[in-house]
Amino acid sequence: MARLVIVSNRVASPKERAAKAGGLAVALREALSQRGGLWFGWSGETEVNPPDAPKVFRSGRVTYALLNLDPEDQRAHYAGYANGTLWPLCHYRLGLLSFRKADWEGYRRVNEHFARALMPLLKPDDILWVHDYHFIPLAAELRKLGFGGRIGYFHHIPWPTPEVYLSLPSHAALVDDLSHYDLVGLQTENDVRALLTYISSEIRGWIAPGGTVGLKDRRFRVAAYPIGIDADAFVSDAQKSVGKDEERRLNESLAGRMLAVGVDRLDYSKGLPGKFAAFGELLRSYPEHRSKVTMMQVAPLSRSEVAEYQALRRELEELGGAINGEFAEFDWVPLRYLNRPFQRATLAAIYRRARVGVVTPLRDGMNLVAKEYVAAQDPENPGVLVLSRFAGAADELKGSLLVNPYDIEGMAAAMDRALTMPLAERQERWRSNMETVETNTIHHWCQRFIDELTRIGDTFGETSDPRAGARPL
């Protein structure tokens, strides 16, 4: 069995517990442990003139290789191009997009640095799996250094439509980088369609059945791999929370009221101001819910040094204060706004208690909170998921109430419907969603991608052109 090599910007420490590391980190560590493998990434540390070689250590069957970065290179790569350019682009926030040539050059320089550091650690038959938008050029850099093995890439965030993607000055170069992978995985079929349409219409690549793409002298495959969660672990955590201290404290604080919950990183892609406004509209237009429902929004701080995120935090504090000022009673605060993370077991208890899960991002690759909320529900008395149609999860969770996150009144109406929905309908919608969550787990997703990358074989540099069956988009 070929060795698996995973590359990601951050690497989960072997000492990090599953409840803190998250489902993706746990699944990747499992895959590496089963086959034996290498996890390569940034150490999280910067230093001037860092060593070229990574720090390497072993835990069980997994070898970890962590690389320090120069402070300016790290800033240009991470805050500059990755999160100042690609993140807003892929989340359709062109007004926040900043493109600087120096950041683009720093992004490529870091990818070249990673490739040079990784290359001496590789074996010819290794299978590489590269994660996310921080490392799109990595395969191209490894190919320059002579690596001819299989390399797959998974893009965890949305892929924008051609009209949006063309706003990026480096659009053609970035897709040319993608063509050096053997397998490119995206979250949804809409993402696949967007990328293939760009390739076909803008840079004259060809598309064959099954998502095989030809660009210049290279062939690669593009396909959707919707990511899942560790469903069994979430179900178990939710069941264990029954009767425990955290559930008791939550129930006492609610005093019999219904709960609506949102859990999102504090990010402008998550649509939090619209969610707050919709809850305020619910209380304003449906006064029967006043003093009968509490909304809890958990929003751990994210990139708090960035001005846009600081402004978002201030906006939410003002909106939350205005809602509580308008509607609060001496024994009821409508909106609870929390800026800190919670352990998975605590979140599972909150999800299980909530009659409504409110997941309304403006754009999201998948959104695993939606799936976590479904998994945590009591089958006998499940809550209802109110879900943005622009989250990747909307393609799978058909039992949700789908909403337009730009339609404040529409979201308020969906919340009202969720709060008043009869039990039989709630159970039917939940069963539909839960079947998907249980079928497409994080473990299934991980194994499927690795299996398909393994089967593709080494096609880099192959010049055969199966244009019989090739199609325009």
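Two strands are treated here as paired where DSSP finds at least two bridges between them. All views show a predicted model.

View 1. Ten strands make up an open sheet in which the order is 3-4-2-1-5-6-7-10-9-8 and the pairing is mixed. From one strand to the next, the twist averages 25°.

**View 2. The pairing of strand 8 with strand 9, and the helix that lies across this part of the sheet.** Three bridges connect strand 8 to strand 9 (residues 212-215), and the two strands pair in the antiparallel sense. Within this pairing, A208 is found opposite T212 of strand 9. Helix 8 (residues 189-202) lies across strand 7 (183-186), strand 8, strand 9 and strand 10 (218-224), and the helix runs at about 150° to strand 10.

View 3. Although E47 and D70 are separated by 23 residues in sequence, their C-alpha atoms are 5.2 Å apart in space. When residues up to four places away in sequence are not counted, E47 touches N68, L69, D70 and P71. With N68, the contact includes a polar one of 2.6 Å between the two side chains.

View 4. Strand 11 (residues 258-263) and strand 14 (residues 356-359) run parallel and are joined by two bridges, and V261 has G357 of strand 14 as its bridge partner.

**View 5. The crossing of helix 13 and helix 14.** The axes of helix 13 (residues 344-353) and helix 14 (residues 368-376) come within 8 Å of each other and cross at roughly 70°. Helix 13 is therefore roughly perpendicular to helix 14, a description that covers angles of 65 to 115 degrees. From helix 13, A348, Y351 and R352 meet V369, E372, Y373 and A376 of helix 14. Sorted by class, the residues in this contact of helix 13 with helix 14 are five nonpolar, no polar and two charged.

View 6. The buried residues are V369, A370, K371, E372, Y373, V374, A375 and A376. They pack against helix 9 (231-240), strand 11, helix 13, strand 14, strand 15 and helix 16 (423-439). At the N-terminal end, helix 14 is capped by N367, a side-chain oxygen of which lies 3.1 Å from the backbone nitrogen of V369.

**View 7. The packing of helix 9 against helix 13.** The axes of helix 9 and helix 13 are 8 Å apart, and the two helices pack at an angle of about 70°. Helix 9 and helix 13 are therefore roughly perpendicular to each other. Helix 9 contributes A233, F234, D237, A238 and Q239 to the contact, while helix 13 contributes R344, A345, A348, Y351 and R352. By class, six nonpolar, one polar and three charged residues take part in this contact of helix 9 with helix 13.

View 8. N324 is a residue of helix 12 (residues 307-327). Its relative accessibility of 19% means that N324 counts as buried, because the class takes in values under 20%. With its neighbours within four places in sequence left aside, N324 is in contact with V333, P334 and L335.

Conventions:
Residues numbered from 1 in each chain as written. Predicted model: local features only at pLDDT ≥ 70, side-chain atom pairs only at ≥ 80, totals over all residues. Heavy atoms only, no water. Helix = DSSP H or I, 4+ residues; strand = E, 2+ residues; numbered from the N terminus. Axes fitted to C-alpha atoms, helices over the stretch in contact; angles between N-to-C directions. Contact = heavy atoms within 4.5 Å. Parallel < 35°, antiparallel > 145°, perpendicular 65-115°, else oblique. Nonpolar A, V, L, I, M, F, W, Y, C, P; charged D, E, K, R; others polar. Buried < 20%, exposed > 50% of the residue type's maximum accessible area, 1.4 Å probe, protein only. Polar contact = N/O pair within 3.5 Å; in protein donor to acceptor, adjacent residues only side chain to side chain.
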